Amino acid sequence: MLQVENLTVYYQTLKGQVRALENASFTLADGEIMGLAGESGCGKTTLGHSLIHLSPPMTHIGGRVLLNGQELPLADMQKMDAYRFNEISIIPQYAMNAMNPIRKIGQMTEELLRAKKADVKTVMAALKDRLEMVKLPQEVLGLYPIELSGGMKQRMVMVLSTLLDPELLIADEITSALDVASQKAVSEMLVEFRDQHCCNSVIFITHDISILYQIADSILIMYAGQLAEKASTETIIHNPRHPYTRLLISALPEIGVRYSDKRLTGIPGKTPLLLNPPQGCRFRERCPLAFEKCAEVPPFVEIEPGHSVACWKEGSADA
Amino acid sequence: MRKYFGRKLLIYLLTFFLAVTIDWLIPRFMPGNPVANMLARVSVNSTAASVMQEYYTHLFGLDLPLWQQYLNFWANLLRGDLGISAYLFPKPVTQVLMNAIPYDVALLLPAILLSWLAGNNFGAVAARSKWLDNTVSPIGYILTATPYMWLGILLAWFFGIILDVFPIAGAYSFSLSPTLSWKFIGDVLLHWFLPFFSLFMVQFGGWAIGMRNMIIYELEADYSHYLEALGAPRSLIRRYAFNNAVLPQLSGLALQLGVIVAGALVTEVVFSYPGIGYLLLAAIQNQDYFLIQGCFLFIIIGVLLANFVIDIVYVLVDPRTRRGMTGEAA
């Protein structure tokens with residue numbers, strides 16, 4: 001189980017601090033696949049990366065993260081190495097270029113395992129089964145990354161990242177570069193990985209809510225570096241409470257609606273710059289329900305079991 | 001595979017033909033001719049001069065039409081005959097070159113290889129050490145940017161005149177004759193050191209800067225970040241970065257090795273070192289067509305051979321070139 005408490009991460013830049021992640025608190029149950037969604041630049045990748053590789057210019061400002069009750073030494077690059085790959089792993093956004101171009105994949109895997117002092121023989125044997133799970137032939141181990149197609153590389157990296165059965169897997173935009181059919185295949189493989197205990201919990205970062213609807217158990221919506229709402233997938237899709245989530249969901253195309261008759265609506269306005277973000281609720285400027293109280297930061301509170309929202313209109317007052 | 005090398009070989013042969021043709025043409029574009037140059041060095045009366053002129057012009061085959069000179073040149077070349085040097089008359093050009101080549105190889109091979117090895121390793125270390133990068137890298141920049149002849153003269157002046165520890169001219173002392181004795185070998189090494197050292201320093205700076213930049217680039221590559229995120233030890237990440245960064249350096253090395261026989265013209269002039277570079281300068285000053293052709297022929301062969309070798313090496317070390325190869329063959 002993963003517990004994130006008040007995690008705050010800024011980017012140190014020449015112009016000042018970019019407040020990319022502010023006071024994030026949430027929990028992730030065993031075996032839960034949590035979708036992490038939001039617009040570009042809302043801090044979802046920052047959140048994902050800060051859990052595994054919090055390197056400059058990212059700086060850890062505050063908060064802590066517990067994995068199975070143990071606090072992670074987030075800001076300590078050396079100490080975190082013991083957790084990386086073993087306990088927490090990542091399928092990066094750049095999976096297409098994630099492998100050393102001048103090493104055969106099998107050789108690279110072995111070198112990596114040996115360097116991590118893993119039981120090379122056992123893991124390499126398990127690797128064969130994993131390849132079958134993602135429908136890759138055994139021969140890929142004797143190939144160079146360039147000899148694989150984009151989809152194959154994506155699946156190969158997926159297998160590589162989960163080789164040591166991590167407790168937490170961060171899947172960063174793994175479907176973004178793929179066509180719709182491969183998107184579905186890859187996300188279903190991820191679910192199978194979870195079911196086969198190749199990894200325990202998953203944070204699935206994406207901006208594609210329709211994918212999440214198919215595979216995620218819960219969805220966490222972020223806006224401009226702050227958490228907006230977290231609930232089960234069903235609740236987020238059918239009964240969202242945060243005004244941002246509502247607008248976001250209503251902007252999704254629906255089956256059976258002809259958009260030649262009715263234009264698809266978006267959310268007017270732009271996301272604020274995080275270099276000098278507005279005080280209070282960062283969605284205030286674009287929110288149809290905003291009132292004076294929104295000048296204060298709304299707390300991220302649980303309004304019903306498993307459903308948390310950061311909005312003054314919800315939480316205490318309403319319900 | 002065979003198709004790839006077949007095609008490469010064809011391109012190399014074509015390049016060789018064109019380069020050698022240009023090599024033949026260029027000296028002949030110079031105003032004047034070698035015979036006039038030779039005769040200018042001797043003072044004889046005009047009748048004798050015109051007889052000698054006729055004799056030498058015929059001897060060098062310069063009285064034939066140009067197209068026939070050109071064909072004769074190729075015919076002789078294929079028989080391994082490069083003609084007779086006008087400047088060092090009557091020595092054959094091949095013999096003149098063979099005497100000079102050992103000096104070039106002994107000077108340049110160690111300078112190029114050692115500076116490559118040392119520069120690459122140093123550059124790789126400097127890329128990850130702020131301290132080294134801030135102190136020694138600027139020296140590398142200065143060394144590479146310095147006009148070489150000035151650096152050479154400075155070294156010769158400092159070590160040869162001020163400290164008086166190294167001789168500044170020649171390949172060995174005039175008082176000695178080449179024998180296989182310790183005294184002679186020691187003397188040759190002493191003469192060899194300054195030209196070697198000056199070349200080493202300048203090239204070392206260049207390699208180190210190149211490698212430093214390549215390593216920084218590779219450490220920012222996606223595969224490095226992925227390994228970091230998986231908590232791989234620094235040693236593995238650095239090794240991968242080095243292996244990737246060294247590839248472009250390899251082609252640079254090949255080009256350097258290719259011009260070995262060309263000698264280091266400036267070095268050899270500054271230190272009066274009797275290699276091909278020194279010879280080439282003398283040949284040009286004396287309009288010695290045949291010696292110029294011979295020198296350039298060696299340069300052409302050297303560059304082409306080095307390129308061919310590196311083509312093969314690249315196929316062995318970089319899988320990406322291998323894929324391009326099979327892709328084209330398919």
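The largest cavity is lined by residues of chain A, among them His242(A), Pro243(A), Cys281(A), Phe283(A), Cys287(A) and Trp312(A). This is a predicted model, in which local features need pLDDT of at least 70, side-chain atom pairs count only at pLDDT 80 or more, and totals for chains, interfaces and linings use all residues. Residues are numbered from 1 along each chain as its sequence is written, chains are lettered from A, and side-chain values use heavy atoms, without hydrogens or water.

A cavity here is a set of points on a 1 Å grid over the protein atoms alone where a 1.4 Å probe fits but cannot get out, and lining residues have an atom within 4 Å of a point. The structure holds one cavity of 30 Å³ or more. The largest has a volume of about 60 Å³, meaning the space filled by probe spheres set on the points. Its lining comprises nine nonpolar, one polar and two charged residues; Cys and Pro count as nonpolar, Lys and Arg as charged.

I turn now to the strands, which are DSSP runs of E of at least two residues; two of them pair if DSSP finds at least two bridges between them. In chain A, S1 (residues 2-13) and S2 (residues 16-28) pair in the antiparallel sense over eight bridges. A hairpin through two residues joins S1(A) to S2(A), and Gln3(A) stands opposite Thr27(A).

Chain A also has an open sheet of eight strands with mixed pairing, ordered S6-S7-S8-S3-S9-S10-S12-S11. Its edge strands, S6 (88-91) and S11 (301-304), each pair on one side only. Within chain A, S3 (residues 33-37) and S8 (residues 201-205) run parallel, joined by four bridges. Ile33(A) has Val202(A) as its bridge partner in S8(A).

Conventions: On a 1 Å grid over the protein atoms alone, a cavity is a set of points where a 1.4 Å probe fits but cannot get out, and a pocket is an open set with protein on both sides within 12 Å along at least five of seven lines; lining residues have an atom within 4 Å of a point.
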